Amino acid sequence: MLVAITMHNGRVAPVFDVATNACLLDTTEPDRRSTLPLPAGLPERAHALETAKVTHLVCGAISRPALFFLLAEGIQVASFIAGDLDIVINAVITGDINRPEFAMPGCNQKHDCCHRKRRGHACRKTPDHSPE
């Protein structure tokens, strides 16, 4: 599985729509990582990830249009994730990315904050979009 994690200053970028780079991680070879520069436009961004053969995206907040472009490209999305990039990478590899410590502030396991506060956005705990 090829996972892209949006990044900024050694952490998960807080907003997918304005992130400039993504860390590419092949979960079968976790020590091999690369950086993918992300284009400015949302359709171009989704297409660049699909062209790179990304199957899953881990990111912070994401707009509804960006989510729809990614889903149209067949990319599963785990959004509203926060944390140190290396720790998040380890959580992706071990399958622990849905643990509460990776939720962005305002999100938690008891309340689906993303759907409750921002109708239509995919939250990190949405089963259909989680990298597993």
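Predicted model: local features only at pLDDT ≥ 70, side-chain atom pairs only at ≥ 80, totals over all residues.
Local features were taken at pLDDT of at least 70 and side-chain atom pairs only at pLDDT 80 or more, whereas totals for chains, interfaces and linings use all residues. Residues are numbered from 1 along each chain as its sequence is written, and side-chain values use heavy atoms, with hydrogens and water left out.

Helices (H or I, at least four residues) and strands (E, at least two) are DSSP runs, numbered from the N terminus. Strand S3 (residues 21-26) and strand S4 (residues 33-37) run antiparallel and are joined by five bridges; strands pair if DSSP finds at least two bridges between them. Ala-22 has Leu-36 of S4 as its bridge partner. A hairpin of six residues links S3 to S4.

Helix H1 spans residues 42-51. Its buried residues (under 20% relative accessible area, 1.4 Å probe, protein chains only) are Leu-42, Arg-45, Ala-46, Ala-48 and Leu-49. They cover an arc of only 160 degrees around the axis, which puts them on the same side of H1. The arc is that of the directions from the helix axis to the C-beta atoms. An α-helix has 3.6 residues a turn, so residues three or four places apart point the same way. The cover over the buried residues of H1 includes S1, S4, S5 and helix H2 (64-72). Arg-45 also lies over the face of Phe-16, 5.5 Å from the ring centre. The criterion is CZ of Arg or NZ of Lys within 6 Å of the ring centre and within 35 degrees of the ring normal. Just after H1, Lys-53 adopts a positive phi of about 75 degrees.

Helix H3 (residues 85-94) buries Leu-85, Val-88, Ile-89, Ala-91 and Val-92. These residues cover an arc of only 160 degrees around the axis, which puts them on the same side of H3. They pack against strand S1 (2-8), strand S2 (11-12), S3, S4 and strand S5 (56-58). At the N-terminal end, Asp-84 caps H3. A side-chain oxygen of Asp-84 lies 3.2 Å from the backbone nitrogen of Asp-86. Just after H3, Gly-95 takes a positive phi of about 80 degrees.

Leu-57 belongs to strand S5. It counts as buried because its relative accessibility is 0%. Beyond neighbours within four places in sequence, its contacts (heavy atoms within 4.5 Å) include Ala-4, Thr-6, Phe-16, Leu-49, Leu-70 and Val-77. The C-alpha atoms of Leu-57 and Val-77 are 4.8 Å apart, although 20 residues separate the two along the chain.

Technical notes: Buried < 20%, exposed > 50% of the residue type's maximum accessible area, 1.4 Å probe, protein only. Polar contact = N/O pair within 3.5 Å; in protein donor to acceptor, adjacent residues only side chain to side chain.
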